[in-house]
Amino acid sequence: MKKIIFISAIAAVVIVIVIAVTSAMILLQKSSPEKIHLHSDFKVYLNGQAYNFTSEKYMSMEGHHLSERTHLHDMNGDIIHIHAAGVSLGEFFNSSDIKFNSTCFVLNNGTSYCNSDNSKIKLYVNGIENIQMEKYNLKDLDRILITYGNESSEQIKSQIDGVTDVSCIYSLKCPERGSPPDESSCVGGNGTMCVG
Ligand SMILES: [Zn+2]
Ligand SMILES: [Zn+2]
């Protein structure tokens with residue numbers, strides 16, 4: 001009988017310890033800041049022409065800070081960096097004063113590409129048409145194509161193929177393909193919140 005009480009007491013102590021450690025771990029996870037650092041490849045075709053985002057005005061850098069949550073770096077106009085949860089395509093483009101929705105793509109110089117009888121704006125995510133448009137939340141390693149025009153399905157297929165797939169290098173998911181450029185201008189580098 002005594003033995004049973006002793007074993008039960010030990011079991012109770014073990015259960016209490018397990019519960020305490022688990023709650024402490026959950027609390028710790030909640031109190032530490034979210035460390036999100038994702039990357040997506042993207043391309044925008046306007047009437048069959050790939051738009052060039054490799055330009056200083058689109059880069060977040062020292063002395064020219066765009067959004068902390070999402071931006072382009074390293075003079076690479078193909079890779080969107082995402083440093084927060086729930087960043088949509090619309091938020092990314094807004095951070096560069098570009099408007100994108102289901103009816104128009106409007107560049108920051110005011111040039112607009114809006115739906116008409118024969119030209120339409122479309123979004124493809126990983127090769128599949130997506131009607132969420134500006135509301136689409138970017139995910140790690142997404143390959144995003146936004147295309148405006150009246151291209152045939154073959155032409156759109158070749159645009160889809162033209163979207164790069166180097167975000168896995170930036171997200172350190174394919175080390176065999178190399179390592180990303182230093183993101184120290186992005187305070188703390190890979191895996192940390194970026195203020196740049
Ligand atoms: Zn990055
Ligand atoms: Zn960054």
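Visitor: How many of the seven residues of strand β10 are buried?
Guide: The model is a predicted one. Strand β10 spans residues 143–149 and is mostly covered. A residue is called buried when 20 or more other C-beta atoms lie within 10 Å of its own. By that criterion, the number of buried residues in β10 is five.

Visitor: In which sense, parallel or antiparallel, do β1 and β10 pair, and which residue of β10 is the bridge partner of Leu 46?
Guide: Strand β1 covers residues 38–46. Six bridges link β1 with β10, and the sense is parallel. Within β10, the residue bridged to Leu 46 is Tyr 148.

Visitor: Which residue of β10 is the bridge partner of Lys 120?
Guide: Strand β8, residues 120–125, is joined to β10 by six bridges. These two strands run antiparallel. Lys 120 has as its bridge partner in β10 Gly 149.

Visitor: Which residue of β6 is the bridge partner of Phe 100?
Guide: Strand β6 comprises residues 104–106 and runs antiparallel to β5, with two bridges between them. In β6, the partner of Phe 100 is Phe 105.

Visitor: Which elements each supply at least two residues to the largest nonpolar core?
Guide: That core has 24 residues, and among the members touching the most others are Phe 105, Ile 144 and Ile 146. Leu 89 belongs to this group as well. The elements that each contribute at least two residues are β1, β4, α2 (89–94) and β10.

Visitor: Which residues does Leu 89 touch, leaving aside those up to four places away in sequence?
Guide: Leu 89 is listed with the core members that touch the most others. With residues up to four places away excluded, its contacts are Phe 100, Glu 134, Tyr 136, Leu 138 and Ile 144.

Visitor: Is Leu 141 buried, partly exposed or exposed?
Guide: Leu 141 is found in the loop between β9 (128–129) and β10. Its phi is positive, near 70 degrees, although the residue is not glycine. Because 18 other C-beta atoms lie within 10 Å, Leu 141 is classed as partly exposed.

Notes: Residues numbered from 1 in each chain as written. Chains lettered and ligands numbered in written order. Predicted model: local features only at pLDDT ≥ 70, side-chain atom pairs only at ≥ 80, totals over all residues. Buried ≥ 20, exposed ≤ 12 C-beta atoms within 10 Å, placed from the backbone. Helix = DSSP H or I, 4+ residues; strand = E, 2+ residues; numbered from the N terminus. Pairing = 2+ DSSP bridges. Core = buried A, V, L, I, M, F, W, Y, C linked by C-beta atoms within 7 Å. Contact = placed C-beta atoms within 7 Å.
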